[in-house]
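This report describes the architecture of a single protein chain. Please examine the sequence and the model shown below before reading on.

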Amino acid sequence: MKSYFTIAFFLFLFTYSSYSKADKKTSLEIDPKVLETNFNLWWQYHCKNIIFSYDFSGLDEHGKRIDKSTFLQKLTSGEYIAIGKNQVNGHIYQLYKLHDYADKDIRNTVKRNSEEAYKFYTMEGTLFPKFIFNDLNGNKYSNESLRGKVVVLKLWFIKCASCVAEFPILNKTVEKYQDRKDVVFLSLALDKANDLRKFLEERPFRYKVIPEQGAFITNNLNMHSYPTHLIIDKEGIVRKVVHKAEEMNVALDNISGINK
């Protein structure tokens, strides 16, 4: 099951990356009837316009406002897709109920993605588990030592191509926050210390790297797909969980107060 989720997410990222170079003419205000019978068209639209990690406002299929939790729960049924609404400020998504003739692959993909989005959302506001981490340089980190700091956490492993591909983006983030002593960048890797040291010699990564964290990631965080990013506030509370580095950066700027 673990490998299934990992592989599925690789495919997700590949498709998403491929779309970044594809036709981007899909309008935000599009007739959803056009989308529901064409998986590729819907997927392009979804990747471009719908980002569940954002603090969006939700509308049900009748245009009535509902909270984010209810919105995501409804999507997990596989009976709806999310449609973006044109707006000046913020993000507004509305549910569209699929017809019987809708593409089954759309239903299955919406269900799978929204289940994970809902899981990530329910982690927000929870206390991060107890930990003691030792990085490759022998530095020790714990809940107590990091109290009063914003912790940016990346979950990854060497053979995860998507994990490694985002190193340059994350290195720039670390550089951006280099004068902020209250922001700490840690990464939990699955690999052994010696393998990581050798690998990182040719692929610089400015996060502090903690080796052999597979058990903690699986048992304590219940995570099975990579890369995943968590932002933990100064009180040890999980504030955001996302897959993409770009989404993490948006959340970090808001949580750290850099945009204020």
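## Basis and confidence

The model is predicted; local features need pLDDT of at least 70 and side-chain atom pairs count only at pLDDT 80 or more, whereas totals for chains, interfaces and linings use all residues. Residues are numbered from 1 along each chain as its sequence is written, and side-chain values use heavy atoms, with hydrogens and water left out.

The average pLDDT (the predictor's confidence in each residue, from 0 to 100) is 89, and 87% of the residues score at least 70. Residues 1–26 have a pLDDT below 50, and this stretch makes 38 contacts in the model beyond near neighbours in sequence. Contact here means heavy atoms within 4.5 Å.

## The four-stranded sheet

Helices (H or I, at least four residues) and strands (E, at least two) are DSSP runs, numbered from the N terminus. Two strands pair if DSSP finds at least two bridges between them. An open sheet of four strands has the order β2-β1-β4-β3, with mixed pairing. Its edge strands, β2 (65–66) and β3 (80–85), each pair on one side only. Strand β1 (residues 57–59) is antiparallel to β2, the two being joined over two bridges. Within this pair, Gly58 stands opposite Ile66 of β2.

Strand β7 (residues 150–156) pairs with strand β10 (residues 228–232) in the antiparallel sense over five bridges, and Leu155 stands opposite Thr228 in β10. Axes are lines fitted to C-alpha atoms, for helices over the stretch in contact, and angles run from 0 to 180 degrees between N-to-C directions.

Two packed helices are described by the angle between their axes and the distance between the axes. Angles under 35 degrees count as roughly parallel, over 145 as roughly antiparallel, 65 to 115 as roughly perpendicular and the rest as oblique. A crossing is left-handed if the near helix is turned anticlockwise from the far one by less than a right angle, and right-handed if clockwise.

Helix α3 packs against α5 at an angle of about 30°, with the axes 10 Å apart. The two are therefore roughly parallel, and their crossing is right-handed. Phe39, Trp42 and Trp43 of α3 meet Asp105, Ile106, Thr109, Val110 and Asn113 of α5. By class, this contact has five nonpolar, two polar and one charged residues. Here Ala, Val, Leu, Ile, Met, Phe, Trp, Tyr, Cys and Pro count as nonpolar, Asp, Glu, Lys and Arg as charged, and the others, Gly among them, as polar.

The axes of helix α4 (residues 68–75) and α5 come within 8 Å and cross at roughly 150°. These helices are therefore roughly antiparallel, with a left-handed crossing. On the α4 side the contact is made by Lys68, Ser69, Leu72, Gln73 and Leu75, and on the α5 side by Val110, Lys111, Ser114, Ala117, Tyr118 and Tyr121. These residues divide into six nonpolar, three polar and two charged.

## The pair α7 and α10

Helix α7 (residues 167–176) and helix α10 (residues 245–255) pack at about 15°, with their axes 10 Å apart. That angle makes α7 roughly parallel to α10. Their crossing is right-handed. Ile169, Leu170, Thr173 and Lys176 in α7 meet Ala245, Glu246, Met248, Asn249, Leu252 and Asp253 in α10; the contact comprises five nonpolar, two polar and three charged residues.

## Loop residues

Tyr54 lies in the loop between α3 (39–49) and β1. Not counting residues up to four places away in sequence, Tyr54 touches Lys68, His91, Tyr93 and Val250. The C-alpha atoms of Tyr54 and Gly90, 36 residues apart along the chain, are separated by 9.0 Å.

The peptide bond from Tyr226 to Pro227 is cis, with omega near -5°; Pro227 is in the loop between α9 (214–220) and β10. Glu212, in the loop between β9 and α9, has a positive phi of about 50° although it is not a glycine.
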